[in-house]
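Hi there,

Here is the structure I promised to pass on. Please have a look at it first, and then read my notes below.

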Amino acid sequence: MTSNPTLGRYHLLLASDGRPMQHGWWQAEATARRKFARWIGENGSLPDARITLTDEETGQQLDEWPDDSPIVVGGPP
């Protein structure tokens, strides 16, 4: 979480090959989510690109790309 009150609440981080490449902070979650989608389009082809959206006030990660959640195929037996 941030201790700098001038930064926005919502933090985007673009990393490539495990190194931070770009940061952005916004006060409005809607703006940060639009930027998140835009960054995917603009930077998704970088080697091992990862983009995260974090609420700096709560410390909760709100979104990530690519989504590493396991894909469930089919339903229960």
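Which residue meets the side chain of aspartate 55 in a salt bridge? The partner is arginine 9, at 2.7 Å from N to O; a salt bridge here is a side-chain nitrogen of Lys or Arg within 4 Å of a carboxyl oxygen of Asp or Glu. This pair links distant parts of the chain, with aspartate 55 in strand β3 and arginine 9 in the segment before β1, 46 residues apart. Aspartate 55 counts as buried at 5% relative accessibility, while arginine 9 is partly exposed at 27%. For those words, buried is under 20% relative accessible area, exposed is over 50%, and partly exposed lies in between (1.4 Å probe, protein chains only).

Before going further, a word on the source. This is a predicted model, in which local features need pLDDT of at least 70 and side-chain atom pairs count only at pLDDT 80 or more, while totals for chains, interfaces and linings use all residues. Residues are numbered from 1 along each chain as its sequence is written, and side-chain values use heavy atoms, with hydrogens and water left out.

Now the overall layout. The protein chain has 1 helix and 4 strands, and from the N terminus on they run β-β-α-β-β. Helices (H or I, at least four residues) and strands (E, at least two) are DSSP runs, numbered from the N terminus. Of the 77 residues in the chain, 26% are buried. The accessible surface comes to about 5,300 Å², and 53% of that belongs to carbon and sulfur atoms; the areas come from the Shrake-Rupley method with a 1.4 Å probe, and for residues only the protein chains shown count as cover. Among contacts between residues at least 6 apart in sequence, 44% join residues at least 24 apart, where contact means heavy atoms within 4.5 Å.

The largest nonpolar core has 9 residues: Tyr10, Leu12, Leu14, Trp26, Ala32, Phe36, Trp39, Ile51 and Leu53. At least two residues of this core come from each of β1 (10–16), α1 (29–43) and β3 (50–55). By nonpolar core I mean a set of buried Ala, Val, Leu, Ile, Met, Phe, Trp, Tyr and Cys residues joined through side-chain atoms within 4.5 Å. In soluble globular proteins, nonpolar side chains tend to be buried together. Tryptophan 26 is worth a click: leaving aside neighbours within four places in sequence, it is in contact with Gly8, Arg9, Tyr10, Leu12, Thr31, Ala32, Lys35 and Trp39.

Alanine 28 is partly exposed, with a relative accessible area of 37%.

Arginine 33 is partly exposed at 32%, as is glutamate 29 at 31%. Glutamate 42 and arginine 38 also meet in a salt bridge, at 2.8 Å from N to O. They too are 4 residues apart in α1, so about one helical turn separates them. Salt bridges that share partners also join Arg9, Asp55 and Glu57 into one network.

Best wishes
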